[in-house]
Amino acid sequence: MSLFLHLAWRNLWRNKRRTLISTSSVLFAVVLSLAMRSMQNGQYDYMIQSAVGLYLGYIQVHAEGYWEKRSFDQTLTVTDSTLKSFATVPGVTEVVPRLESFALLSRDSATKVAQVIGIDPARENSMTGLAKRVAAGRYLQPADSGMMLGSGLAKFLGAGLGDSVVIYGQGYHGVTAAARVPVTGILKFPIPEADNSTAYLSLDYSQWLFSAPGRVTSVAFMVRSPSIMDRVQSDLRVRSGPGTEVMTWKEMMPELVQAIQADSAGGVLMLIILYIVIGFGIFGTIMMMTTERTREFAVLISVGMKRWKLIAVTSTETVIVSMLGALAGVAVGIPILVYFHLHPIPLTGEYAEVMLSYGMEPFLPFSAAPGIFLAQTAIVFGLAIVCAFYPYLVIRKLNPVAGLRT
C-alpha cells in the first residue's frame with residue numbers, strides 16, 4: 001500500500017498543472033456547497049432565533065386554554081418559589097415571567113391600542129437583551145411605576161421622557177385598569193410592528209394596575225440546547241401541575257415550522273442541482289486527466305504491469321487529489337463563513353420589507369456550525385470518489401495497441 005501511495009504522489013507532481021486544476025475543481029466545489037448550505041441553515045437559525053430569543057422563548061407555560069383564547073382571565077398564579085423550582089429543571093437557562101395585555105394609550109388628542117407587557121426587568125433583559133434597545137431615558141427597575149415606549153408609539157402619542165401617558169384597559173375579571181403613567185424610557189426596535197405598538201411596565205406595577213396580584217399570563221424559558229427541548233418540556237409539565245399547558249415554540253408557531261420545512265425542501269432541490277453541476281465538473285477534470293495519460297497507461301500495460309496495480313495507483317491519485325481539494329476548500333471556506341456569520345449581509349428593498357413583516361431584522365445570516373463543514377466536505381469528497389470509477393473503466397477495457405496510437 002505504501003508503494004502505491006508513493007507512486008501516486010510522484011505521479012501527481014510530474015504534471016503540477018494538471019494536479020492543481022483537479023485540486024482546484026474540488027476546492028471550488030466544496031466552497032460553493034459550504035456557502036449555499038451555510039446561507040440556508042443560517043437563515044433557518046435566524047428565523048428561529050428571532051422567534052425564540054427576541055421574545056417567545058423555547059418553551060412557555062400558560063394557564064390551560066390561554067394560548068388559544070388569549071383571555072386575561074386565564075392567567076397563572078406564580079410565586080417566587082415556583083419560579084425557583086422552574087429554574088432548577090436541568091437544561092433551563094432563563095425563566096422569564098410576563099403579564100401581557102392590550103390597552104388604550106392616550107396623550108392629549110392622540111390615542112392608540114398597544115400591547116402592554118409587564119416584565120421582570122432583570123430576567124427580561126437577560127433573555128432578550130431589552131436594555132440595549134433603550135434609545136433615551138433609562139431601563140426599568142423592579143419597583144418602577146413608569147413605562148417604556150417603543151419610539152414609533154412615543155412619536156405617535158407625542159410623548160417624551162417625563163411626559164405622562166394615560167393607560168385605559170380591562171384587568172383581571174373585568175376590573176377597569178386606568179392610570180396616568182410617566183414615560184421613563186424610549187425603546188428603538190428595528191421591527192416596525194414592535195416599535196409602533198409596544199409598551200413595557202414593571203411586573204409588580206402591571207399586576208397592581210390590572211388587579212392581578214401574583215398572576216402572569218406566561219412564563220417563558222430558554223434552554224441550553226434545542227436538542228433537549230422535549231425533555232425540558234416533560235419536566236416542566238410535572239412541575240407546573242394541573243390546569244396548565246406547556247408549549248414549545250414549534251407548537252406556538254406552527255406556521256414558522258411549515259415555512260422552514262417548505263423552504264428547506266426547495267433548498268435541498270437547489271443543493272441537488274448544485275451537486276450535479278459539481279459532479280460533472282469533477283468528472284470532466286478526472287476524464288481530462290485520464291485521457292491525457294492513455295498512452296502512458298498503454299505503455300505500462302505493454303511492459304507487463306498488472307492492470308489492477310495500475311487501477312490501484314490511479315485510484316489512489318484521485319483520492320489524494322480529492323482529499324487535498326476538500327481540505328483546501330474547508331480552509332478557504334471557514335474564514336469566509338465565519339466572517340459572514342459575525343457580519344450578516346444587510347438587506348434592502350422588497351426582501352427587507354418581507355422579513356420585517358415576519359418580525360425579523362433584514363439581514364442575510366450565515367451559519368458556522370461544524371456539522372455543515374463535515375457534511376458538505378464528505379459529500380463533495382464522495383462525489384470525487386464516485387468519479388474515480390472512470391479511470392478504472394478505461395484501464396480495464398484499454399487495448400494497449402490502440403492506446404499506443406493515441
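Val223 is buried, with a relative accessible area of 7%. In this predicted model, Val223 is found in strand β11, which covers residues 218-223. Setting aside neighbours within four places in sequence, the contacts of Val223 are Tyr58, Ile59, Gly91, Val92, Thr93 and Val232. Gly349, by comparison, lies 126 residues from Val223 along the chain, and the C-alpha atoms of these two residues are separated by 35 Å.

Ile59, one of the residues in contact with Val223, also belongs to the largest nonpolar core. That core has 64 residues, and those with the most contacts inside it are Ile59, Leu105, Leu149, Val219 and Phe221. Strand β3 (residues 92-107) gives the most to this core, contributing six residues. For Leu105, the residues touched, not counting those up to four places away in sequence, are Ala110, Thr111, Lys112, Ala114, Val116, Leu149, Leu153, Leu157, Val165, Val166, Ile167 and Ala199. Another core lies apart from this one; it has 22 residues, including Ala29, Leu274, Leu337 and Val380.

Arg133 sits in the loop between α5 (121-128) and β5 (134-137). Is Arg133 buried or exposed? Its relative accessibility is 17%, and since buried means under 20%, Arg133 counts as buried. Beyond its neighbours within four places in sequence, Arg133 is in contact with Leu54, Ile186, Leu187, Lys188, Phe189, Pro190 and Glu361.

Helix α16 spans residues 389-397, and within it Pro391, Val394 and Ile395 are buried. Seen down the axis of α16, these buried residues fall within an arc of 95 degrees, so they line one face of the helix. An α-helix has 3.6 residues a turn, so residues three or four places apart point the same way. Phe389 and Lys397, on the other side of α16, are exposed. Among the elements that cover the buried residues of α16 are α11 (254-292), α12 (294-302), α13 (307-342) and α15 (370-387).

How do α15 and α16 pack, and at what angle? Two packed helices are described by the angle between their axes and the distance between the axes. For α15 and α16, the angle is about 5 degrees and the axes are 4 Å apart. The two helices are therefore roughly parallel to each other. Their meeting place brings Ile385, Val386 and Cys387 of α15 to Phe389, Tyr390 and Pro391 of α16. By class, this contact has six nonpolar residues, with no polar and no charged ones.

How values were computed:
Residues are numbered from 1 along each chain as its sequence is written. This is a predicted model: local features need pLDDT of at least 70, side-chain atom pairs count only at pLDDT 80 or more; totals for chains, interfaces and linings use all residues. Side-chain values use heavy atoms; hydrogens and water are left out. Buried means under 20% relative accessible area, exposed over 50%, partly exposed in between (1.4 Å probe, protein chains only). The arc is that of the directions from the helix axis to the C-beta atoms. Contact means heavy atoms within 4.5 Å. A nonpolar core is a set of buried Ala, Val, Leu, Ile, Met, Phe, Trp, Tyr and Cys residues joined through side-chain atoms within 4.5 Å. Axes are lines fitted to C-alpha atoms, for helices over the stretch in contact, and angles run from 0 to 180 degrees between N-to-C directions. Angles under 35 degrees count as roughly parallel, over 145 as roughly antiparallel, 65 to 115 as roughly perpendicular and the rest as oblique. Ala, Val, Leu, Ile, Met, Phe, Trp, Tyr, Cys and Pro count as nonpolar, Asp, Glu, Lys and Arg as charged, and the others, Gly among them, as polar.
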